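Open the model in your viewer and keep the selection tool at hand. Each stop gives you something to select and tells you what is there.

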Amino acid sequence: MNVNAFAFTDPNNVDDFDISDETTSTTVKFSRDGKTMFILGVNTDTIRQYSLSTAFDLSSPPVAVKTFDIGSIQDAPQDIEFNSDGTVLFVINREIGNRGIHQWDLNTPYDIGGLTDTDGKRTSLNGDLRGFKFSNDGKKLFTITQTSSTVGTVTEYTLSVAYDLDTLSQTNTLTSTFSGEGRRQGINFSSDGYKLFISNSATSAISPLKERNYIREFSLISPFNISNPTNNGDFQPSYADDFRITGLTFNNDGSKMFHTDFTNNNVYEYTLSCGFGVKTCTDPTNDKDDVASIESQSEATKKLIQHTTYPVLNRMEWLRRNSGRINLTNQNIKFQFNNEILNSLTDALIPLYFSNGNSNDVNDQSSNWSFWSEGTISIGKVGDDSASSAKDISSSALTLGADKKGEDNIMRGIALRFGADDIDVGTLGSALDMSSFALTFYSSKPKGDQRFTDSLLGMSFINSNLVNNSGSASTDGERYGEQLYGSLSLRDTFSKNRLNFTPKLKINYGITHLGAYKETGAAGLNLEYKDQYIGNFTSSIGTSLDNTYDFEVGSFIPYFDFEYYADMSPASKQKFSYVSNGESFTLKNIENSTHNFMGGIGFDFISENGLTLMSKYTRDQSQNSKNDNFIIALDYRGSQNSSYAMSVQDTSTKLSHNREINGFNINLDSHYDFFQDDPEYGVYLKVSNEY
């Protein structure tokens with residue numbers, strides 16, 4: 001990690017809310033939307049509910065709307081919490097003989113109206129209880145207790161059912177020593193669970209009080225895990241000589257902090273220079289979800305080259321397996337683009353490949369070309385490690401291609417691929433949704449009867465939507481990228497009877513550029529990412545076996561593939577910084593597994609009526625990751641009375657097929673918007689007869 005100069009500042013006190021005429025406060029909490037505030041008073045044993053005109057903002061005085069008196073069951077209430085949707089209220093109490101947590105069900109989320117002190121259910125806990133906090137999923141509970149005048153203890157409990165105190169069991173403790181006499185009065189966490197905060201409140205016997213009042217920040221090795229924390233230091237407010245900090249809380253993204261004051265009976269509002277930055281900004285390179293999100297972008301672009309080249313290589317392998325059966329015919333395919341750049345590409349490049357397709361002699365193979373398609377579904381997982389969270393990966397793609405053999409006996413073709421990749425990161429909801437459009441030109445050159453050199457060159461355009469969820473807050477970003485790639489494959493086939501053995505050597509190469517982008521959605525957590533360049537270079541060696549079985553309806557060709565490939569790509573790096581204060585970081589050595597094994601099994605079925613089906617399952621396995629791929633490909637040799645058409649209008653793709661049968665015209669259209677988050681699908685069928 002590289003840290004450059006930045007503008008970190010201590011929390012800045014911006015507003016106060018005076019409640020001295022109402023109660024002596026021990027904590028402050030907010031509804032999830034920040035429009036409702038709750039203050040717990042220890043002298044009046046009441047919970048007071050306030051309405052805010054602006055979320056998490058005390059600049060306009062909050063308006064008191066409701067009060068809930070719990071004095072008959074709690075004589076010393078200290079802290080309050082809600083479950084995730086605000087339908088259950090919890091209150092912790094330190095009164096000897098009544099220590100524990102009471103809870104009430106709310107008829108309306110974050111609304112204490114209508115509650116009575118007889119509705120509460122109590123769960124007993126030990127110790128001089130001062131504060132408590134649930135983890136984001138409600139499966140952990142943490143309490144802070146006053147062990148002695150200088151020592152506080154955080155106790156960790158696990159709950160087998162979220163927010164169900166009947167299922168809790170103690171699992172861990174953290175004991176921390178504080179300078180001077182005081183009380184450990186409040187506890188909280190950052191939204192991602194990587195930071196722990198404890199407030200220390202001076203006793204009335206110490207003067208001046210402010211010397212013993214501070215908020216201590218800890219960094220944790222993993223979310224909501226209090227084992228082996230790192231003390232980042234203490235923040236000590238300086239706005240008054242005598243005050244006593246009690247409870248503390250944050251807004252959702254950690255750009256603001258609030259705490260109550262037992263002496264002056266105020267609620268204090270602070271702005272923070274970065275999310276939950278009381279003493280330090282969270283280092284994203286130490287956050288496993290942040291690291292995994294950055295890695296996912298790099299891994300996805302490298303996999304994109306692999307997934308884009310495979311259908312084309314599969315096509316050329318299919319041509320080799322079925323070279324004796326191929327009778328390429330004119331499919332009348334049309335390419336129409338609404339984008340002027342793509343139009344210029346088609347005007348310049350497609351005639352280069354298909355300019356000789358005007359012959360009417362269907363027996364002249366060099367003058368006819370074939371249309372093919374391949375659909376791919378891929379499901380994979382990359383396990384977690386000490387630095388990065390686990391990733392669940394799913395991909396789907398449709399590849400459309402056309403090729404023909406020229407007079408020089410070289411097969412040339414062009415392929416379009418529309419793909420979507422969905423990667424879920426960690427357990428908090430972070431995700432990467434990547435859409436891509438790829439254009440590939442390929443050729444297969446014979447070197448004798450059974451030896452071929454296959455090559456391809458292409459480019460991809462990438463659009464990614466990213467969500468980085470930290471628990472109670474999330475950021476969003478949109479990133480664009482471009483990619484150039486190529487592949488060279490050498491293969492030689494040895495045949496005996498109908499059994500073919502084909503050793504092969506392949507090299508993939510490419511370069512990806514991901515543009516700079518800035519996150520939005522959480523002021524304290526937003527990051528700005530610089531441009532990133534990702535190199536790709538892999539080599540592989542493998543073999544395939546296939547055999548042919550002929551039947552009356554067609555031929556059946558089962559085959560098996562095995563491949564070992566080594567990833568020798570250079571490591572990349574990603575520079576980024578906090579939007580709020582400019583603190584910058586660099587994640588270096590972003591790389592993938594260096595050794596992978598891939599096995600595949602599939603079959604071709606070539607029917608006598610011109611329809612060909614290819615199906616294949618592959619497993620890509622490395623030490624810490626795996627990908628399962630299922631492929632279905634179709635190739636149809638139509639007649640002179642049938643045609644295929646494809647058009648691309650902005651991001652919408654339209655496929656159509658027209659056919660004349662006994663005087664009837666049959667038209668089939670479908671469309672797919674490959675850059676929508678939730679793309680629409682449609683199929684339209686029209687049958688007409690012209691007289």
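Select Leu106. Its relative accessibility is 7%, so it counts as buried (buried means under 20% relative accessible area, exposed over 50%, partly exposed in between, with a 1.4 Å probe and protein chains only). Leu106 sits in the loop between β8 (100–105) and β9 (121–124). Strands (E, at least two residues) and helices (H or I, at least four) are DSSP runs, numbered from the N terminus. Leu106 and Thr87 are 19 residues apart in sequence, yet 4.9 Å apart in space, C-alpha to C-alpha.

A word on the model before moving on. It is predicted: local features need pLDDT of at least 70, side-chain atom pairs count only at pLDDT 80 or more, and totals for chains, interfaces and linings use all residues. Residues are numbered from 1 along each chain as its sequence is written, and side-chain values use heavy atoms, with hydrogens and water left out.

Go to Arg216, in strand β16 (residues 214–219). Arg216 is buried too, with a relative accessible area of 7%. What joins its side chain to that of Asp234? Show both side chains: the link is a polar contact of 2.8 Å. Such a contact is a pair of N or O atoms within 3.5 Å; within protein, one must be able to donate a hydrogen and the other to accept it, and residues adjacent in sequence count only if both atoms are side-chain atoms.

Next, colour the open sheet of four strands, ordered β1-β20-β19-β18 with antiparallel pairing. β1 (12–18) and β18 (245–250) stand at the edges with a single partner strand each, so one side of each has no neighbour in the sheet. From one strand to the next, the twist averages 20 degrees (axes are lines fitted to C-alpha atoms, for helices over the stretch in contact, and angles run from 0 to 180 degrees between N-to-C directions). Zoom in on β18 and β19 (residues 256–261): they pair in the antiparallel sense over four bridges. Strands pair if DSSP finds at least two bridges between them. Phe250 stands opposite Met257 in β19.

Move on to Phe276, in the loop between β20 (266–271) and α1. Phe276 is not a glycine, but its phi is positive, about 60 degrees. Phe276 is buried, at 4% relative accessible area.

Compare Asn409, in the loop between β23 (391–405) and β24 (411–425). Its phi is also positive, near 70 degrees, in a residue other than glycine. Is Asn409 buried or partly exposed? At 38% relative accessibility, Asn409 counts as partly exposed.

Finish inside. The structure holds eight cavities of 30 Å³ or more. A cavity is a set of points on a 1 Å grid over the protein atoms alone where a 1.4 Å probe fits but cannot get out; lining residues have an atom within 4 Å of a point. Grid points are joined across faces, edges and corners, and a volume is the space filled by probe spheres set on the points.

The largest cavity has about 310 Å³ of space. Select Tyr310, Asn314, Glu563, Met598 and Lys616, the closest to its centre of 27 lining residues. Helix α1 (residues 288–321) gives the most to this lining, with seven residues.

The second largest cavity has about 220 Å³. Of its 19 lining residues, Asp192, Asp290, Asn468, Ser470 and Leu525 lie nearest its centre. α1, β26 (451–469) and β27 (474–492) each supply at least two lining residues.

Conventions. On a 1 Å grid over the protein atoms alone, a cavity is a set of points where a 1.4 Å probe fits but cannot get out, and a pocket is an open set with protein on both sides within 12 Å along at least five of seven lines; lining residues have an atom within 4 Å of a point.
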